[in-house]
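Dear colleague,

Please find below the structure that I am handing over to you. My notes on what was found in it follow directly after.

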Amino acid sequence: MRAVPKSLRLTNQARLVEQLLRRGVATRAELAKAGGMSQPTAGKIIDELSSAGVVEELSGSNEVARGRPSVGRPGKQLRLSQSPPRLVIAELGVERTRLSAVPAALPDDERWDVEFRTPGSEATWRQRLRQHAAALSIRRPWGVMVSVPGLVDESTGKILLCPNLHWCERADLPAAFHEVFRAPVRLIQESRALALAEVGTRVSAGDFLLVDFGDGVGGSIVVGQRPYEGNVPATGEIGHTPIAGNDRQCGCGNRGCLETLIAEPWLVRNYAELTGEQEVTFADVCRAALGPELPQFLSEALDATASCIAAILNVCGLKRVVLSGIIRDLGPRAADHLIASIRRAAMWSRFDTVEVELVQRRRARGLTIAGIQRVIMPTDWAAS
Ligand SMILES: [Zn+2]
């Protein structure tokens, strides 16, 4: 018989794991205090998490004590387990599909176990998935976390719109992954996974907006260490904000979207139009962005981006922005222009500094955090 109701135990488990996500390492006593529970209660839960292979102890010599049912004295440091693999994480990208088997511990680098070119049809993609999945060293994953580049209803696992990979709108991706791995499958919008990767880092000390620039432009707001979820599965679509004076046809079906000014393929097209050259690459755009003055199409695109970002900051009461993706490749002049333009437009700048930071994309880390929050410890602790 359980002394504590199961739901409360799960909530407490999730609280302790969440603390480890934020802190990296912590003692039992620190976890108990931060989780708002007594040391005996926390101790019991930590023993359970240890037996399940979610949490492990760092010994004095930094070696991990494995296979012990109890994780020792209150002063011992604990962390998320670095083995065995528990989750499969996957990126369904427009160009590449990547897969890894990961433990509960967060990966330090963006390393993938296997990857293949994303084919142009569902049937071929499923075939490649089956072939490559066999190379992963995981027997029975607890869950599969998949990042997808489009508008996704995460509750049903249905992709509603994917302008750059249309076949996956008709595909049953959860079924395809389930057929291979026989585990629960969760889809997550790519920019949400990227935003989650900042949990436990300096920028996640408060709420923030992440904007990622690539083949498209996506955003995600993280509130209380969780991606904000709206009432409809169309959140963070900053790239599809129409910009006055722009009448380009966007892949979403609308005209004039921000994406058609600042996403990578459109920057290349803009530069080709400007120079009249046929064989333009993104590297040419980056070189032009390093010159003494930014090309006008680029500075205008950055200003339009800044307006969209500032509107979100002003409405949501945020003062921190994290930028990732190709904005880093465009060089310091473009980044400085965008940051200055955001600060000019954001209301909070009148009172304090609006923090803008450029970060590397860390999809693997974000997907692992999403897996911990949605598969390993799925209790909605934030609501409790
Ligand atoms: Zn659009």
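How many of the eight residues of helix 9 (residues 282-289) are buried? Before the reply, please note that this is a predicted model. Six of the eight are buried, so helix 9 is largely enclosed by the rest of the structure. The residues concerned are Phe 282, Asp 284, Val 285, Cys 286, Ala 288 and Ala 289. They pack against helix 8 (264-275), helix 10 and helix 11.

Strand 12 deserves a paragraph of its own. In general, strands of a sheet pair through backbone hydrogen bonds, either parallel or antiparallel. Strand 12 pairs with strand 13 in the antiparallel sense, over six bridges, and with strand 15 in the parallel sense, over five bridges. A hairpin of three residues connects strand 12 to strand 13. Within these pairings, Asp 212 stands opposite Gly 218 in strand 13, while Val 211 stands opposite Leu 323 in strand 15.

Is strand 12 covered or exposed? It is mostly covered, with six of its six residues buried. In a regular strand the side chains alternate between the two faces of the sheet. On one side of strand 12 the buried residues are Phe 208, Leu 210 and Asp 212, and on the other they are Leu 209, Val 211 and Phe 213.

Further along the sheet, strand 15 (residues 320-325) and strand 16 run parallel and are joined by four bridges. Here Arg 320 stands opposite Glu 355 in strand 16.

Aromatic residues

A search of the whole structure finds four aromatic pairs. In one of them, the ring centres of Trp 125 and Trp 167 are 5.6 Å apart and the planes are at 45°, so this pair is tilted. The pair links distant parts of the chain, 42 residues apart: Trp 125 is in helix 4 (residues 122-133), and Trp 167 is in the loop between strand 10 (158-161) and helix 5 (173-181). Trp 125 has 0% relative accessibility and therefore counts as buried. Trp 167, at 8% relative accessibility, also counts as buried. Ring pairs join Trp 125, Trp 167 and Phe 177 into a cluster.

Another aromatic pair is formed by Trp 348 and Phe 351. This pair is tilted too, with 5.6 Å centre to centre and 40° between the planes. Trp 348 counts as partly exposed because its relative accessibility is 39%, whereas Phe 351 is exposed, with a relative accessible area of 59%.

Finally, a charge is found over a ring: the charged end of Arg 269 sits over the ring of Trp 266, 4.2 Å from its centre.

With kind regards

Terms used:
Residues are numbered from 1 along each chain as its sequence is written. This is a predicted model: local features need pLDDT of at least 70, side-chain atom pairs count only at pLDDT 80 or more; totals for chains, interfaces and linings use all residues. Side-chain values use heavy atoms; hydrogens and water are left out. Two strands pair if DSSP finds at least two bridges between them. Helices (H or I, at least four residues) and strands (E, at least two) are DSSP runs, numbered from the N terminus. Rings of Phe, Tyr and Trp (its six-membered ring) pair if their centres lie within 6.5 Å; planes under 30 degrees apart count as stacked, over 60 as edge-to-face and the rest as tilted. Buried means under 20% relative accessible area, exposed over 50%, partly exposed in between (1.4 Å probe, protein chains only). A charge sits over a ring if NZ of Lys or CZ of Arg is within 6 Å of the ring centre and within 35 degrees of the ring normal. Contact means heavy atoms within 4.5 Å.
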